[in-house]
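Work through the exercises below with the sequence and the model side by side. Each task is followed by a solution in steps.

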Amino acid sequence: FGKSLAHHEIQRYLKKQIDDLELEKKIGQRRGDVVWEREKIVFEIQISSIKLEEAQNRIDDYAKLGYRVVWILHDRVFNGRT
(Lines give C-alpha, C1' and ligand atoms only; values in the text may rest on other atoms or scores of the structure.)
Protein backbone atom coordinates (compact mmCIF):
# COMPACT_ATOMS: atom_id res chain seq x y z
CA PHE A 1 0.00 0.00 0.00
CA GLY A 2 3.03 2.30 -0.09
CA LYS A 3 2.89 3.03 3.65
CA SER A 4 5.97 4.05 5.64
CA LEU A 5 7.73 1.85 8.17
CA ALA A 6 6.43 4.09 10.98
CA HIS A 7 2.89 3.61 9.67
CA HIS A 8 3.24 -0.18 9.69
CA GLU A 9 4.79 -0.14 13.16
CA ILE A 10 1.84 1.82 14.55
CA GLN A 11 -0.59 -0.59 12.91
CA ARG A 12 1.21 -3.58 14.46
CA TYR A 13 1.31 -1.88 17.87
CA LEU A 14 -2.45 -1.23 17.83
CA LYS A 15 -3.14 -4.80 16.70
CA LYS A 16 -1.16 -6.10 19.69
CA GLN A 17 -3.25 -3.97 22.04
CA ILE A 18 -6.64 -5.05 20.69
CA ASP A 19 -6.67 -8.47 19.07
CA ASP A 20 -9.83 -8.08 16.99
CA LEU A 21 -8.60 -5.05 15.01
CA GLU A 22 -8.38 -5.37 11.25
CA LEU A 23 -5.66 -3.72 9.17
CA GLU A 24 -6.30 -1.98 5.84
CA LYS A 25 -10.00 -2.86 5.84
CA LYS A 26 -12.17 -1.57 3.02
CA ILE A 27 -15.12 0.51 4.23
CA GLY A 28 -17.21 1.95 1.44
CA GLN A 29 -14.85 3.70 -0.96
CA ARG A 30 -12.17 4.09 1.72
CA ARG A 31 -9.63 1.77 3.26
CA GLY A 32 -9.27 2.20 7.01
CA ASP A 33 -5.73 1.92 8.34
CA VAL A 34 -6.92 0.06 11.44
CA VAL A 35 -10.57 -0.85 12.03
CA TRP A 36 -12.28 -1.97 15.21
CA GLU A 37 -15.44 -3.35 13.72
CA ARG A 38 -17.10 -4.25 17.03
CA GLU A 39 -16.90 -0.62 18.19
CA LYS A 40 -17.30 0.93 14.70
CA ILE A 41 -14.02 2.87 15.05
CA VAL A 42 -11.52 3.62 12.30
CA PHE A 43 -8.00 4.58 13.38
CA GLU A 44 -6.45 6.85 10.76
CA ILE A 45 -2.66 6.93 11.04
CA GLN A 46 -1.32 10.13 9.51
CA ILE A 47 2.45 10.32 9.13
CA SER A 48 2.50 12.93 6.36
CA SER A 49 0.68 16.23 6.16
CA ILE A 50 -2.94 16.23 5.05
CA LYS A 51 -5.28 18.99 3.96
CA LEU A 52 -8.11 19.77 6.36
CA GLU A 53 -10.63 19.22 3.56
CA GLU A 54 -9.34 15.68 2.94
CA ALA A 55 -9.42 14.87 6.66
CA GLN A 56 -13.02 16.12 6.87
CA ASN A 57 -13.97 14.09 3.77
CA ARG A 58 -12.66 10.93 5.41
CA ILE A 59 -14.55 11.67 8.62
CA ASP A 60 -17.75 12.34 6.67
CA ASP A 61 -17.40 9.20 4.52
CA TYR A 62 -16.89 6.97 7.54
CA ALA A 63 -19.67 8.68 9.51
CA LYS A 64 -22.17 7.95 6.72
CA LEU A 65 -21.44 4.26 7.31
CA GLY A 66 -21.69 4.52 11.09
CA TYR A 67 -18.00 4.73 11.99
CA ARG A 68 -16.17 7.18 14.22
CA VAL A 69 -12.59 8.20 13.42
CA VAL A 70 -9.65 8.38 15.79
CA TRP A 71 -6.70 10.23 14.27
CA ILE A 72 -3.16 9.24 15.19
CA LEU A 73 -0.93 12.10 14.04
CA HIS A 74 2.85 12.00 13.76
CA ASP A 75 4.24 14.39 16.36
CA ARG A 76 7.08 15.74 14.20
CA VAL A 77 4.81 16.56 11.27
CA PHE A 78 1.86 17.96 13.18
CA ASN A 79 3.53 19.56 16.20
CA GLY A 80 6.93 20.42 14.73
CA ARG A 81 8.76 18.18 17.20
CA THR A 82 11.90 16.29 16.31
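The model is predicted: local features need pLDDT of at least 70, side-chain atom pairs count only at pLDDT 80 or more, and totals for chains, interfaces and linings use all residues. Residues are numbered from 1 along each chain as its sequence is written, and side-chain values use heavy atoms, without hydrogens and water.

**Exercise 1.** Find the strand order of the open sheet and its edge strands.

Solution. Strands (E, at least two residues) and helices (H or I, at least four) are DSSP runs numbered from the N terminus. Two strands pair if DSSP finds at least two bridges between them. The open sheet has four strands in the order 1-2-3-4, with mixed pairing. Strand 1 (22-27) and strand 4 (68-73) are the edges, each pairing on one side only. Strands 1 and 2 pair in the antiparallel sense over five bridges. Lys-26 has Arg-31, in strand 2, as its bridge partner.

**Exercise 2.** Identify the residues of the largest nonpolar core.

Solution. A nonpolar core is a set of buried (under 20% relative accessible area, 1.4 Å probe, protein chains only) Ala, Val, Leu, Ile, Met, Phe, Trp, Tyr and Cys residues joined through side-chain atoms within 4.5 Å. The largest has eight residues: Leu-14, Leu-21, Val-34, Trp-36, Ile-41, Phe-43, Ile-45 and Ile-47. Strand 3 gives the most, with three residues. A second, separate core of five residues includes Ile-27, Val-42, Tyr-62 and Tyr-67.

Definitions and conventions. Buried means under 20% relative accessible area, exposed over 50%, partly exposed in between (1.4 Å probe, protein chains only).
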